[in-house]
Amino acid sequence: MSIKARKTFPKMAKNRNLVFFLGVLASFTLSSFPVTVSGEPPILFTFGDSSYDVGNTKFFSSELDPATTWPYGDSIDDPSGRWSDGHIVPDFVGRLIGHREPIPPVLDPKADLSRGASFAIAGAVVLGSQSTTASMNFGQQISKFLELHKQWTDKERAEAIYMVNIGAEDYLNFAKAHPNANTVEQLTQVAHVLQRIPRELTSLYRAGGARKFAVQNLGPLGCLPIVRQEFKTGENCMEMVNFMVKTHNERLSRLLVAITVPILYRGFRYSLLDFNGEILRRINEPSLHGYTDTTTSCCGTGSMNAYGCGYSNVHAKLCSYQKSFLFFDGRHNTEKTDEEIANLFYSGDKHVVSPVNIKDLVGKAATDLLAQEI
């Protein structure tokens, strides 16, 4: 081999290694997104309360929306109406399924709804009417979707992902109104909430053409900083609320299985995230998940620093490092927590999300769902 050849060989090898690396990287990047029939990311729709609200509250009411003021959005320099220091679960899921930008709030008159829309709004309940709440309840969110559903084709709606997180306000409101409720009264509340949820989901299926649902169960609401603070439980969680939540989650799981059985709802498929279990794991073992505080809020005031974040007339304190906190305000997670939850929702195993995760749900064409096994 000549001197010239010896000098050029390392360069050729380096080029081949670079090409190989880029090829692997491209392959990994492409495989990280689920393949859809059209080759485009599926449309995303979200329903629920403030945990999924991307800004509908500020368009719904003329009253001050604290989530549009600092320090909300502090981690991304954008107080956009999200009840967090940054992005929330639907934002991260949207990114994971291939959307470059978050889906917009449906109430924004200038919103481009071609990629989907968020119908979630702070304060939303399952029970109650608009006349008794300062928000759109779950049924009214579904009605709003049905009012607009012809904007998307039948195929787009069938392949779309419908994310749902609802019910927390029903139990928190009940606890405030009936702090001494007995077990029978608590179970009655759970039954009333769970009578309504399947009805709304099947309405989306029948009238809206929805087929793929991503449902988040309820977290341990009795452990929220605002609940500990208002009910003066200190380091302990409020057991009454957690009992209702536990019962709700167990029955919700059985109800979703039941919906998939009748021939009437063939093609109805879902991912159910055990959000409750993931939050409890972080509360009980903070250091394993990179937290230094999983009981108090990053932003607020009071014994648990849980009240008043975003209000100009409240001297709320803000922690110096949001990523070390599980909760940003009295009842909402930090961006760090929501990103972790979204990743589990998207690609977690069956111990966290079942019977399939969102990635598998997206990857299965709606026309093939009749043969899909749970």
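Start by selecting K212 in strand β4 (residues 212-216) together with R269, its bridge partner in strand β5 (residues 269-273); helices (H or I, at least four residues) and strands (E, at least two) are DSSP runs, numbered from the N terminus. What you have open is a predicted model, in which local features need pLDDT of at least 70 and side-chain atom pairs count only at pLDDT 80 or more, while totals for chains, interfaces and linings use all residues. Residues are numbered from 1 along each chain as its sequence is written, and side-chain values use heavy atoms, with hydrogens and water left out.

Now show the whole of β4, which pairs with β5 in the parallel sense over five bridges, where pairing requires that DSSP finds at least two bridges between two strands. Strand β3 (residues 161-165) also runs parallel to β4, joined by four bridges, and here Y162 stands opposite F213. Colour the side chains of β4 by direction: K212, A214 and Q216 point one way, F213 and V215 the other, and all are buried, meaning under 20% relative accessible area, where exposed is over 50% and partly exposed lies in between (1.4 Å probe, protein chains only).

Y162 and F213 lead on to an aromatic cluster, whose members also include F47, F119, F145 and W152. Rings of Phe, Tyr and Trp (its six-membered ring) pair if their centres lie within 6.5 Å, and planes under 30 degrees apart count as stacked, over 60 as edge-to-face and the rest as tilted. The structure holds 15 such aromatic pairs. Select F47 and F119, a stacked pair with 5.1 Å from centre to centre and 10 degrees between the planes; F47 lies in strand β1 (residues 44-48) and F119 in the loop between β2 (116-118) and α4 (138-148), 72 residues apart. Then select F145 and W152, which are stacked because their ring centres are 5.9 Å apart and their planes stand at 10 degrees.

Finish at R331, in the loop between β9 (325-327) and α11 (335-347), which is buried with a relative accessible area of 16%. Its side chain makes a polar contact of 2.6 Å with that of E169, a polar contact being a pair of N or O atoms within 3.5 Å; within protein, one must be able to donate a hydrogen and the other to accept it, and residues adjacent in sequence count only if both atoms are side-chain atoms.
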